[in-house]
Amino acid sequence: MNAKILSAHDLRSGLVVYLTSEGGWSRKLVRAAPATDERTEARLLDLSEQAIGGNRVIEPAFIDVDWRETGPVPARLRERIRADGVPTIMPEIPGVAAE
Amino acid sequence: MYRYDSYDKTLVLERVEEFRDQVARRLTGALTEEQFRPLRLMNGLYLQLHAYMLRVAIPYGTLSSDQMRKLAHISRRYDKGYGHFTTRQNIQYNWPELEDVPDILAELAEVEMHAIQTSGNVIRNVTTDHFAGVARDEVADPRPYAELIRQWSTLHPEFSFLPRKFKIALTGAEQDRAAIRLHDIGLKLKRREDGDIGFEVIAGGGMGRTPMIGPVIRAHLEPEHLLSYLEAILRVYNQHGRRDNKYKARIKILVHELGTDEFTRQVEAEWARIKDGPLTLPEAEFRRIQAMFAPPPYEATDGSDSRFEKSLAGDTAFAAWVDRNVHAHRAPGHAIVTISLKPHGGIPGDASAQQMEIVADLAERFSFGEIRVSHEQNLILPHVKKSDLYAIWWSLLSFGLGTANAGLLTDIIACPGLDYCSLANARSIPLAQKIASRFDDGERLRNIGDLKIKISGCINACGHHHVGHIGILGVEKKGEELYQLMLGGSGAEDASLARITGRGFSEDGIIDAIETVVDTYLNAREEGEDFLHTYRRLGAEPFKRAIYSGETSK
């Protein structure tokens, strides 16, 4: 299933975060809230604007994902690498990997 | 080395405190991200693919041991224990937290460093020959002039909002190790037939989306007029450079659109107005700065060194390292050491905190406390006694810094690519690693000889792919990485732009293609001919034929 999720960066750490269905922000892609219609997209956007106003995140952007049984898989390689939280050549950096 | 005077110190400290206040206001929400973004960028703080990235300027690539130790300390205390040396002779930290950045900048200020003008449409860190002051083929040391340009360009009020970023490089040597023809302005110190030394001035070179080799706009500029002439160039560019289209905003486009003659005419006309004014170099001030770059007190020697010769004869691995990583020095009995940051399987340009400290210690013990960063992403010990080379090599080996590949195929320039960079379309680092792995054989590499591979993960060309003997450009096609192969570029005194061979390759395919190109060269080369000269002699056709038909020409 094609869907969109909302990604941003944490203001303090700069690390990648995803908007969850409870309106929180998670480092884990799997916790991202899917939007499959314009109404849900608008709701996610509204939540992210509240978070920007609340000074929690920066640079929010929707990304396209393929929503599978195991969770979302970003369509673009760029977003798959972002979702890992670390460069592909240094998966062991402590404290920043998403999983 | 240059030492800050009270003006430099005050300027940097005031800037740290200003940014501390700006960060505090950002964290409370008093500044929005839209308001804060230009402020953080003015202090070298980017937001990249995974996190913030802080780019710290290393003026003309020259560092003291104390400065290098501080860079190591910052990486350990505030980051993830490593740093990345760039093609602009800077260092980047990939994981700083916003709240820590003012403290990082305060620590940098303690050792006379900063991150000012490492971003934005301003004059960026001036770069120079990493062998400056010690190269045998040098007419004059470019570093005092590089320092003057640093002072002139730092927070220059007229040039704080140029149409686009602006990069200046200098050399004083015949061999161009600073890629001056690929810069917005390139400067080369030359001796005229009458014996006078002056600058050859090049303007309008560059890489990126529209690569251009810069034309010479003045054959001889008296050094005392350096700053007024630069100011005249910048004024013409600032006034007429395009601001309507980001991709046409660099000075190379202006020079190209106006034509070299008309651009030069405008520069000369502006220069005539300001020449002999306040920007004329005061001789006393120049001598004060020049004195800080005086050669260190080298031990007098006749140049022969039996201990060094004995090690060379008795240890082939050491001899292989000396052959590639040690260069002739102007002082008898001394040498210039290139410390490779390209271990096979490593990340080009990266150094761990421990490695930085080792280099700092070695520089302190053996190189008068001085280190250089090269635009090829290696480190240099510029003042080493030949008799110390063997001990240095052993220390470097112990810490993964002894790879004997300077100038060889695995001494690859690679941009951070899609592993770090938010602009990239493809990864560069894994490709560099796979190439190094395919060619992980010292004898084979030495047989291939001089060969520069340069990899960029997007069209912006931070990895200098346009001037690679073999250049690789990563693109994205249908969601996958695709690599275009380019051949025949050079960033040196014989500058040329690499040309694309044809359709692109997958990651594995490009490595096979490189091997085919190398085999084609080995089969076709004449006695003593390096890759670039074979390519120039034969042209692209035999290489293309071999790559795309699977035939290796004889």
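**Rings in chain B, a sheet in chain A**

Trainee: B:F531, buried or exposed?

Mentor: B:F531 counts as buried, at 0% relative accessibility. Buried is under 20% relative accessible area, exposed over 50%, and partly exposed in between, with a 1.4 Å probe and protein chains only. The model is predicted, so local features need pLDDT of at least 70 and side-chain atom pairs pLDDT 80 or more, while totals for chains, interfaces and linings use all residues. Residues count from 1 along each chain as written, chains are lettered from A and ligands numbered from 1 in written order, and side-chain values use heavy atoms, without hydrogens or water.

Trainee: How many aromatic pairs are there over all chains?

Mentor: There are 20. Phe, Tyr and Trp rings (six-membered ring for Trp) pair with centres within 6.5 Å; planes under 30 degrees apart are stacked, over 60 edge-to-face, the rest tilted. B:F531 and B:F543 are edge-to-face, because their planes stand at 70°, with centres 5.8 Å apart.

Trainee: Where do those two sit?

Mentor: B:F531 is in helix 17 of chain B and B:F543 in helix 18 of chain B, 12 residues apart. Helices (H or I, at least four residues) and strands (E, at least two) are DSSP runs numbered from the N terminus.

Trainee: New topic: what is the strand order in the chain A sheet?

Mentor: The order is 3-2-1-4-5, in an open antiparallel sheet. Strands pair if DSSP finds at least two bridges between them. Strands 3 and 5 of chain A are at the edges with a single partner strand each, so one side of each has no neighbour in the sheet.

Trainee: How many bridges join strand 2 to strand 3 of chain A?

Mentor: Two. In strand 3 of chain A, A:S26 is the bridge partner of A:Y18.
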